[in-house]
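Subject: Structure handover

Hello,

Here is the structure I said I would pass on. My notes follow below it.

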Amino acid sequence: MIKFVSSILLFILTSASVVQAQFAKTKTPQPTKSVVYKKFEKGNELKLFIFEPKQKVENRACIIFFFGGGWKSGSPKQFYQQADRLAKQGILAISADYRTKSSHKTKPQDAVRDAKSAVSWV
């Protein structure tokens, strides 16, 4: 029984290593462009990272991603994979930056204001 459990555990660890290696080889997609949607004290600015579909259409669906992190930390890069995939399906996808406690020493209310500004800009 111990041999069986050891074999299963070894298989799981090996499989996890293979999956991790595959993800390490995957290149993070990059936005088509980025735009500043808000400026605040000391010349700091917040950006929207835009993933545009190849085909140009005047009116199209759009999604804005706001990274998670409990208003404490995080990065817009969290949703680059999803944004890229949606752009390839014809949807304008945007990953928004906003102020967090770790990056700007701000409170959740500031992050919510930033999100409202991002939506207004779009």
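Predicted model: local features only at pLDDT ≥ 70, side-chain atom pairs only at ≥ 80, totals over all residues.

Does Asp 110 count as buried or exposed? At 18% relative accessibility, Asp 110 counts as buried (under 20% relative accessible area; exposed is over 50% and partly exposed lies in between, with a 1.4 Å probe and protein chains only). Its salt-bridge partner is Arg 113, with the closest N and O atoms 2.7 Å apart (a salt bridge is a side-chain nitrogen of Lys or Arg within 4 Å of a carboxyl oxygen of Asp or Glu). Arg 113 is partly exposed, at 46%.

Residues are numbered from 1 along each chain as its sequence is written, and side-chain values use heavy atoms, with hydrogens and water left out.

The count of salt bridges is six. In one of them, Asp 114 meets Lys 38 at 2.7 Å, N to O. Asp 114 lies in helix H4 (residues 108-121) and Lys 38 in strand E1 (residues 33-40), so the pair ties together parts 76 residues apart in sequence. Both residues are buried.

Another salt bridge joins Lys 88 and Asp 84, at 3.1 Å. Lys 88 is exposed, at 64%, whereas Asp 84 is buried, at 19%.

Regards

Terms used
Helix = DSSP H or I, 4+ residues; strand = E, 2+ residues; numbered from the N terminus.
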